[in-house]
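Keep the viewer open as you read.

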Protein chains: 2
Amino acid sequence: PDRACEGLAQQRLDNLTKPPGSLGVLEDIARRLAGIQGKPLPELPREKVSLVLAGDHGVVAEGVSAFPQEVTPQMVLNFLRGGAAINVLARRAGARVVVADIGVAGPPLEQEGLIACRVKSGTENFVLGPAMSRQEAVKAVETGIALLQQQVKERPALVGIGEMGIGNTTPSTAILAAFSGLPADQLTGRGTGIDEARRQHKAFVVTRALQVNRPDARDGLDVLAKVGGLEIAGLAGIILGCAAEGIPVVLDGFISGAAALVAHSLAPLSREYMLASHLSQEPGHRIMLEMLGLKPILHMEMRLGEGTGAALAFPIIESAICIINEMATFAEAGVSQGE
Amino acid sequence: PDRACEGLAQQRLDNLTKPPGSLGVLEDIARRLAGIQGKPLPELPREKVSLVLAGDHGVVAEGVSAFPQEVTPQMVLNFLRGGAAINVLARRAGARVVVADIGVAGPPLEQEGLIACRVKSGTENFVLGPAMSRQEAVKAVETGIALLQQQVKERPALVGIGEMGIGNTTPSTAILAAFSGLPADQLTGRGTGIDEARRQHKAFVVTRALQVNRPDARDGLDVLAKVGGLEIAGLAGIILGCAAEGIPVVLDGFISGAAALVAHSLAPLSREYMLASHLSQEPGHRIMLEMLGLKPILHMEMRLGEGTGAALAFPIIESAICIINEMATFAEAGVSQGE
């Protein structure tokens, strides 16, 4: 980001008719977007996109989810038909939904509107060995980068990320445990709605996966390949692509947070392009955001994924851009300044 | 609110293609709006209004604010010209801003677009005696009710409340202290940006005001008259008007929270029509919302007032309405349900 533009944006924010800093995070967003766009006055996005990646997880064989794996392709179809939560929220926010199959299990999905970029038909069960090879992990990250570059052409742009993949809170928890060194039990939540016994089993599965695979926390690709997922790798690629292209990327919940940890491990500066949308019900999400130094805007006890929290935050981010552009200064309005 | 409609709304929410409850507070909002509108499927508002009341406070003579009292009418002018934060955020949210002088100090304000409904030219300094008479408090509440009825004609409607009044975190703190019984020091914040020494002085002023006036916490009008403010009374009236008319009313920050405590004390059912928008930087705000049983959506460290937080929440509330109307059910989408 351009620090000079951030400085100029801050100067203007301090001259607007309000006590300095009184719009809190709204001012932080305006200043950060100035730096990311490289303009003292950030502009409204000309293109808004919710990128949703679908992938499956071999670890569902361990019984970690409340839903059967067939729901992943069923929900992909629902996304394409416009009936899922992300479709509704993106439509409302004026954003386009792009859906890609980067790693769904089973026969290839051939549906109109779907981007077929499958790297592998679901990961392996990572309790027994690595989820994927290092080469597959690299390919999935590169697929995410390419997707971002192909799908988001206008500038300025605003990108939100989301995912669908039955069982994917389990690899996300494993990634967080690997990077944080914290015990799995503290990080494991109820995902789509499992009971306490199943949650304990899920924490045990994560602990086993780490013992079996021994991912190296200093090597983001190693963590990703051993205990990650294909859609998580693709989302990490989208984040890296956004950082390279100078596009702000709005994180969603726990799974996109795991992707952000991977992206941050591969390229620490990518953090500067991330905006946190909401704080999820998953207990590990708060820890992830603290590790990344990001403050979530929305506290709505959501735990759906798909990019729903990110899309909900779009109008707030746009409001921050309007604030810095449209508010009057103390001098313009003839208002006395404070002490 | 209509409990049958709430029940039907909940049934539909549970059949939409997502794990039950996974959209968290977004689902709560959809269900509550169904009850308030009296329709199983709540509709998007045909009219959105930000009602902003301005009033002054005799207690500023004690040196409790960082800004001079002249800023109240200056900001009223800024609202009318469209240069303040609330204008920008309301415009973005598609809402109309209505500005009323219910109690500004000094000569009458005669400006185009301003609703002149002044009950009294600022309150008295409540360290020396009551802020206003009981009769004036009643008149200010009635003025708020009338304003709501005159300004919001379409149905369904969505109302946000806001205020401008230099020094008005001080009466709001006194109201909270009176209703909660908690010590003023714990509830007193930095308002528009005073330092720690001034904050301690402000807490002392609140404590003195309670000793001098001895407001009766069981009598909302007594609290309002003795340690309240004219814009706070008017906002309480707007809330009561919304409850009577079946209109959801979106609270803003600390001052509108004080008005909500008063409204709740006068008519406990009014709580059912309140939606909390954001959690303010003022330390007492969290306590107020807990007393009212409301969960704030936005955590943005804002402390501006004017109705800015309420306007920011409008698109989220509308998104909740779209979710319940537009998402596909499991049956429609052919998606397998969980366990």
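## The surroundings of E306(A)

Leaving out residues up to four places away in sequence, E306(A) touches V52(A), M75(A), F79(A), A84(A), A85(A), I86(A), G162(A), E163(A) and D252(A), and also T17(B) from chain B. Please bear in mind that this is a predicted model.

If you want to find E306(A) on screen, look in the loop of chain A between helix 12 (283-292) and helix 13 (308-326). E306(A) counts as buried because its relative accessibility is 2%, and the cut-off for buried is under 20%. In the UniProt record, an unreviewed entry, the annotation "active site" covers E306(A).

## Chain A as a whole

Zooming out, chain A is built with 14 helices and six strands. Its C-alpha atoms fill a box of roughly 70 × 45 × 35 Å along the principal axes. A compact globule of 339 residues would have a radius of gyration near 20 Å, and chain A, at 20 Å, therefore agrees with that expectation.

How much of chain A is buried? Of its 339 residues, 64% count as buried. Among the contacts in chain A with a separation of 6 or more, 74% are between residues 24 or more positions apart. The accessible surface of chain A is about 11,300 Å², and carbon and sulfur atoms account for 50% of it.

## How the two copies are related

In general, a rotation about an axis and a shift along it relate two copies of a chain. Here, chain B is superposed on chain A by a rotation of 180° with 0.0 Å of shift along the axis, at an RMSD of 0.0 Å. The two copies are therefore related as by a two-fold rotation axis.

Which residue of chain B comes closest to the rotation axis? That is L298(B), with its C-alpha at 2.4 Å. The copies meet through the same surface, because 100% of the interface residues of chain B are also interface residues in chain A.

## A buried aspartate in chain B

One more stop is D101(B), in strand 2 (residues 96-103) of chain B. With a relative accessibility of 2%, D101(B) counts as buried. Its side chain makes a polar contact of 2.8 Å with the side chain of R118(B).

Setting aside neighbours within four places in sequence, D101(B) is in contact with A54(B), L109(B), L114(B), I115(B), A116(B), C117(B) and R118(B).

Methods. Residues are numbered from 1 along each chain as its sequence is written. Chains are lettered from A and ligands numbered from 1 in the order in which they are written. This is a predicted model: local features need pLDDT of at least 70, side-chain atom pairs count only at pLDDT 80 or more; totals for chains, interfaces and linings use all residues. Side-chain values use heavy atoms; hydrogens and water are left out. UniProt positions are given in the numbering used here, feature names are shortened, and annotations may be inferred rather than shown by experiment. Helices (H or I, at least four residues) and strands (E, at least two) are DSSP runs, numbered from the N terminus. Buried means under 20% relative accessible area, exposed over 50%, partly exposed in between (1.4 Å probe, protein chains only). Contact means heavy atoms within 4.5 Å. The radius of gyration is taken over C-alpha atoms; the globule rule is 2.2 Å times the number of residues to the power 0.38. Accessible areas come from the Shrake-Rupley method with a 1.4 Å probe; for residues, only the protein chains shown count as cover. Copies are superposed by least squares on the C-alpha atoms of residues with pLDDT of at least 70 in both. A polar contact is a pair of N or O atoms within 3.5 Å; within protein, one must be able to donate a hydrogen and the other to accept it, and residues adjacent in sequence count only if both atoms are side-chain atoms.
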